[in-house]
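Colleague: I am new to this model and would like to know what the terms used for it rest on. Could you go through them with me?

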Amino acid sequence: MSRSTKPHEIVERALELSTADGCVVIADEESSANLRWAGNALTTNGVTRGRTLTVIATVDGKEGAASGVVSRSAVTAQDLEPLVRAAEAAARGAGPAEDAQPLVTGTPASPDFTDAPAETGSAVFADFAPALGEAFARARAGGRELYGFANHELVSTYVGTSTGLRLRHDQPNGTLELNAKSPDRQRSAWAGRSTRDFKDVDPTALDAELAVRLGWAERKIDLPAGRYETLLPPTAVADLLIYQMWSAAARDAVEGRTVFSKPGGGTRLGEKLTDLPLTLRSDPNAPGLECAPFVIAHSSGDSGSVFDNGLPVPATEWIRDGELAKLSTTRHTAGLTGLPVSPGFGNLILDGGGDKSLDEMVADTERGLLLTCLWYIREVDPATLLLTGLTRDGVYLVENGQVVGEVNNFRFNESPVDLLSRASEAGRTEKTLPREWSDWFTRAAMPAVRIPDFNMSSVSKGV
């Protein structure tokens with residue numbers, strides 16, 4: 001089907017073709033633009049366009065409804081009916097779906113459902129690209145080299161159902177990652193930003209920040225493994241708490257399989273997780289972090305159900321003033337657990353009531369470590385949510401409020417839930433880019449957090 005065919009028309013035609021008892025059609029119109037650079041010079045740039053169509057057919061049976069899901073890209077007019085039939089065949093060949101629910105009704109239609117999709121292109125970098133050129137010049141003059149990339153995506157998603165829903169959401173998503181290296185490649189520093197439109201990122205300011213960190217790295221200090229007072233920057237806090245939320249399904253907790261399961265049965269809902277007044281929340285309308293205000297589910301899994309497509313997503317507090325307040329549910333798992341319906345999250349915000357910047361928290365540190373970011377995070381034990389991973393691109397020793405040098409990298413072993421219980425200070429909440437999970441999740445705002453005894457379990461060489 002040509003790109004001149006509007007996505008809403010494809011959705012309507014697929015619904016017309018369906019002979020199933022129920023049908024959901026999701027059309028994703030995707031565009032992206034990117035820049036890449038190395039050694040203080042642009043290397044590549046590009047623009048892409050794409051379209052993906054997902055058809056979800058439901059078939060009623062004596063034992064319950066079954067579902068079939070088929071997704072294809074670059075669907076032509078000739079491909080549309082075979083796609084619908086394939087979804088119906090998949091539903092008829094499947095057993096009853098465990099998560100079966102009546103398809104959603106009543107969500108008000110999006111007024112722009114019949115409008116053309118939004119698109120991004122190279123113009124999104126109109127202000128950013130000249131500033132990047134200035135950053136290259138400053139880095140060159142300062143004897144450092146910049147590497148990195150900027151990527152901007154815009155997805156217009158159209159959801160139509162046989163129960164009458166007609167919904168649309170436009171999701172911009174921009175990421176900037178910048179590495180500064182010394183000419184001998186012996187020192188490296190990283191900074192990243194998440195943005196909706198590249199109007200709120202300044203590469204010259206990031207270069208200045210990285211220049212300071214490369215200066216810190218001129219003095220090398222070897223430290224052994226052990227527990228250290230540690231300042232986790234917002235990006236590291238985001239990576240840890242995103243993983244925590246991915247492990248916060250109510251059903252898994254009720255069944256005794258997660259860190260949120262209560263010994264002896266039930267969940268830890270209502271339990272105090274930290275003495276700090278921390279609130280972890282999601283809000284589709286959070287300024288600068290806006291995301292879909294309704295469920296968009298291309299498949300069913302622990303945290304989502306295709307039967308919930310179009311279900312409104314409200315603002316939700318997962319942790320309120322330090323107390324576990326909500327676990328994520330679909331309509332199906334809400335029924336199983338007896339807990340409220342709490343659809344998954346499209347952004348994540350941690351508010352701690354603090355007003356200090358990371359620099360101010362450094363100034364208040366007698367002796368401790370300042371991290372840049374985490375990577376290669378893996379789960380060790382789901383029962384405690386023990387994670388392991390590595391530090392990267394700069395671990396700095398702070399003494400008497402000053403950074404005195406760069407230390408070696410470490411492997412860590414920590415549970416984010418345990419870290420919350422031991423955190424002694426949270427700074428000012430700010431937008432951040434989760435480095436480890438940025439391919440999947442970018443909309444986060446976090447404070448820096450002070451941990452008195454972060455477990456650096458072993459020294460990591462060569463990172």
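Predicted model: local features only at pLDDT ≥ 70, side-chain atom pairs only at ≥ 80, totals over all residues.

Colleague: How many cavities does the structure hold, and how much space lies in the largest cavity?

Modeller: There are three cavities of 30 Å³ or more. About 90 Å³ of space lies in the largest cavity.

Colleague: Which residues line the largest cavity, and what classes do they fall into?

Modeller: Its lining is made of L232, V237, L240, L241, L350, P416, L419, L420, A423, V449 and I451. Two or more of the lining residues come from each of α5 (234–246), α9 (416–422) and β20 (449–460). Ala, Val, Leu, Ile and Pro are among the residue types that count as nonpolar. The lining accordingly has eleven nonpolar, no polar and no charged residues.

Colleague: What makes up the lining of the second largest cavity, by class?

Modeller: That lining has two nonpolar, six polar and three charged residues. Among them are the charged residues R196, K431 and R443. β5 (166–181) gives three residues, the largest share, and the space amounts to about 40 Å³.

Colleague: Why is the pair of F412 and F454 called tilted?

Modeller: The ring centres are 5.7 Å apart, within the 6.5 Å limit, so the rings count as a pair. F412 lies in strand β16 (residues 409–414) and F454 in strand β20, 42 residues apart, and the pair links distant parts of the chain.

Colleague: How do you know whether F412 and F454 are buried or exposed?

Modeller: Buried means under 20% relative accessible area. F412 has 0% relative accessibility, and F454 has 0% as well, so both count as buried.

Colleague: What makes you say that the charged end of R378 sits over a ring?

Modeller: The charged end of R378 is 4.1 Å from the centre of the Y376 ring, and the distance limit is 6 Å. There is also an angle limit of 35 degrees from the ring normal. The charged end of R392 likewise sits over the ring of W375, 4.3 Å from its centre.

Colleague: Why are β11 and β18 said to stand at the edges of their sheet?

Modeller: The open sheet has six strands in the order β11-β10-β9-β12-β19-β18, with mixed pairing. β11 (323–324) and β18 each have a single partner strand, so one side of each is left without a neighbour in the sheet. β18 pairs with strand β19 (residues 444–446) in the antiparallel sense over three bridges, and two bridges are enough to count as pairing. K431 stands opposite A445 in β19.

Key:
Residues numbered from 1 in each chain as written. Heavy atoms only, no water. 1 Å grid on protein atoms, 1.4 Å probe; cavity = no way out; pocket = protein on both sides within 12 Å on 5 of 7 lines; lining within 4 Å. Points joined across faces, edges and corners; volume = space filled by probe spheres on them. Helix = DSSP H or I, 4+ residues; strand = E, 2+ residues; numbered from the N terminus. Phe/Tyr/Trp six-rings, centres within 6.5 Å; stacked < 30°, edge-to-face > 60°. Buried < 20%, exposed > 50% of the residue type's maximum accessible area, 1.4 Å probe, protein only.
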